[in-house]
Structures are given as C-alpha cells and as structure tokens.
2 protein chains.
Amino acid sequence: MAEINDTALDLLFRNARSQNGWQNKPVSEQQLRELYDLMKMGPTSANCSPLRIVFLTTPAAISRLLPAMSEGNQEKTRSAPVVAILAYDTEFYEKLPQLFPHNPDARNWFTGAAAETTAFRNSSLQAAYFMLAARAVGLDCGPMSGFDAVKVEAEFFEDGKHRVNFVCALGYGDPTKVMPRLPRLAFEEACRIEID
Amino acid sequence: MAEINDTALDLLFRNARSQNGWQNKPVSEQQLRELYDLMKMGPTSANCSPLRIVFLTTPAAISRLLPAMSEGNQEKTRSAPVVAILAYDTEFYEKLPQLFPHNPDARNWFTGAAAETTAFRNSSLQAAYFMLAARAVGLDCGPMSGFDAVKVEAEFFEDGKHRVNFVCALGYGDPTKVMPRLPRLAFEEACRIEID
C-alpha cells in the first residue's frame, strides 16, 4: 500500500487554515485547471458530478459578486485574486448518458425531490474535493456561506437552472489575518463503534 | 510552499476507486481513529462539524444494517470489514458554544430551515473529507446511497435527532470487483472563467 507523507497530510488537513485576507500574488488559469483535474476524480453518486464552478479572476468580475456578499465577507472577497462560485446544475441528470453510459436508465433515477437532494449532497462532496485539491496545488481557500444566494444566481446564472452552494476565495493567504485554530469534537463525541 | 508528491495525489484522487468487494483483511480501531483525526480538521461553516459516525466493525453489527440496504448493495455491505454510517446531528448547534466559543451568538445563527441546510451541506463536506482521509490512512472506500434512511435511523439513532447522509464501507478493496473508470466532465463543461 502506498503511503502519504506527513508533508501532504499537514498541507491538506492538519496545518491548512481558512483565510481571511490575501497576499497580492496572482493565481494562474493553469492552477485552476490543475485544481479541476484533481477534484473531478472524487466520487459522486452514479458519477453524477453536479458541481458547476464560476471562477471570477479579475477585480471587475469579483466586483459583480460584492453586492451579494454579507458585510463581514466584503473585504476578503474583494481582495482575493480569484473567487470561485460553487454551484450545482439542478438538471445534472441530463448529463448522465455521458457520465454513466452503461445504464441508460440512470437519468430516470433522479426526479423531483431526489434530484435536489442528490445535487446538493454531491455538489457539497465535490466542493470539499475542490478545497482539498486547491490546497494540493498550493493554494489557500477562504470558503464563505454568508451571501444572498438569490442575488448571486440572478447575476451569474441567468438560465434559472443553477443554485449556489457556497463561495470560495482562492489565493495565497495573509498569515496575519488567520484566526486561532478552533477546537474539534473528540472521537468519542462524534463517533460510536458498534460491535454487536 | 510545500508540495504534495504524485504518490499522494494518485492515492487520494487519481487512482483511488470506489469498491464493490472486499479482501478478507481486518481494519483496526487505531486506523479509524487516525482517519477521524485527519477528517475532523477539514473546514465547516462556523466550525459547526455536524457529522456523526457509527462504525459497524463486526459481522453482527453490520447485519443490523442489511435489512435497510438496497439489493445491489447487500453483498458489498455484508462482506466489508467495517461499514460507516455517515449521519448528521440535527441539533448540531447545541455544540457551538464548545466549537465556536468566541461568539456566544453563533448558536442562534442556525434555526429552522438554516439548520437543516447547514447540517446537510457541512456533513456532506465532512463526508468527503472522511473518504479522502480514509484513503490517506491506506483504506479503500465503498460509498453507497441506496438504502432506506428511515430504517437506518430507526435502528441506529433512537433519539430521532439524527439523519443519515450516506453509508461508506471501509477496508481493502478486491481489485477484481472494481468497475471501469467512468468519464468526467471536461473543464469547459463544468467551469467558466469570468474576466469582466
């Protein structure tokens, strides 16, 4: 079995921190493509892959998002080199003939409430892969849930078929703006082992 | 900037595959604790950490889950050394005074529909961290969404305050049971770059 070294585990899990401010250092399109090529490999239910990403890569593009962001998220959004809007396609099942080609019936598994639940669950899984993949290509993340989703969807998804899950700034974090690490639940608080 | 080597990226993203059968090889409690100690560090909104995990670690414990699993998931559940039920605590906000201690108001941010959405989104993020952390400690994953959630909740969460997100078998996969790799969406199909 291959082993992952501590450098990787520190960078992905142990030492990585959510960022609140950004260095003035650009992010390249090549990095965004490397990020996507890693994150797309993470598992989703029936390979449904509902996440859709809008990368805002200039101050002009980011300025279109600012009116929707909550006050506490204004400056850390404005100052980021890239902001990714992580959304899902509510009609993701239309791509199942391409993504799950061996079973033509798969498209019909997701109708009504199952579609929404599947899209939200699996786009959230993919959003987690996104953040770990960003760290893997050397970027820091600043995930944010404080925004007006209706405004974001009206500005960036005119087709009415996409829902925003959350927003994640990308770049090189300003270490002076990082908050102290918060506690986590102990194993016994979050987990239970059943033996019978 | 620290770099992650290709061995790690292959093991976490590129070469890892969802498993449909298992080798007769045990998983230790120590591995489950190492898995948790990595996954718990992944970011959640206001550190809310809603995921709760029930590890079924014996054939007797796993047999309690089988009546809820769909027919196609029976054998790959029964034959796994460990099956994890990935659930969320609908009253996760009760732990915010412990998890987000600097803001006593945080508990009140999550009421009504916001609680359910937050718990589902963030437990899904944590479930993705769970699968990548399992791979990081050398385990394979077999995530499954085909089951009767009401039955699982009745059997394993008598308090009525937990909802199952999905189920993930853990162990050492049988390579002869792995399906061919399915295609992923191209960057241009899933992503858009906005420059103005």
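This is a predicted model: local features need pLDDT of at least 70, side-chain atom pairs count only at pLDDT 80 or more; totals for chains, interfaces and linings use all residues.
Q: OK, so what rotation puts chain A on chain B?
A: A rotation of 180 degrees, with 0.0 Å of shift along its axis, and the RMSD is 0.0 Å. The two copies are therefore related as by a two-fold rotation axis. Both copies use the same surface: 100% of the contact residues of chain A recur in chain B.

Q: How many residues does the contact take from each chain?
A: There are 79 from chain A and 79 from chain B.

Q: And how much area do they bury between them?
A: About 7,200 Å², with 65% of it on carbon and sulfur atoms. In chain A, the residues that lose the most area to chain B are A:Phe13, A:Arg184 and A:Leu185, together 10% of what that side buries.

Q: Switching topic: how many salt bridges are there across the interface?
A: Four. One pairs A:Glu188 with B:Arg33, and their closest N and O atoms are 2.7 Å apart.

Q: Which helix gives the largest share of chain A's side?
A: Helix α6 of chain A, residues 113-136, with 13 residues. The side of chain A that touches chain B divides into 46 nonpolar, 16 polar and 17 charged residues.

Key:
Residues are numbered from 1 along each chain as its sequence is written. Chains are lettered from A and ligands numbered from 1 in the order in which they are written. Side-chain values use heavy atoms; hydrogens and water are left out. Copies are superposed by least squares on the C-alpha atoms of residues with pLDDT of at least 70 in both. Contact means heavy atoms within 4.5 Å. Buried area is the accessible area (1.4 Å probe) that two parts lose on being put together, summed over both. A salt bridge is a side-chain nitrogen of Lys or Arg within 4 Å of a carboxyl oxygen of Asp or Glu. Helices (H or I, at least four residues) and strands (E, at least two) are DSSP runs, numbered from the N terminus. Ala, Val, Leu, Ile, Met, Phe, Trp, Tyr, Cys and Pro count as nonpolar, Asp, Glu, Lys and Arg as charged, and the others, Gly among them, as polar.
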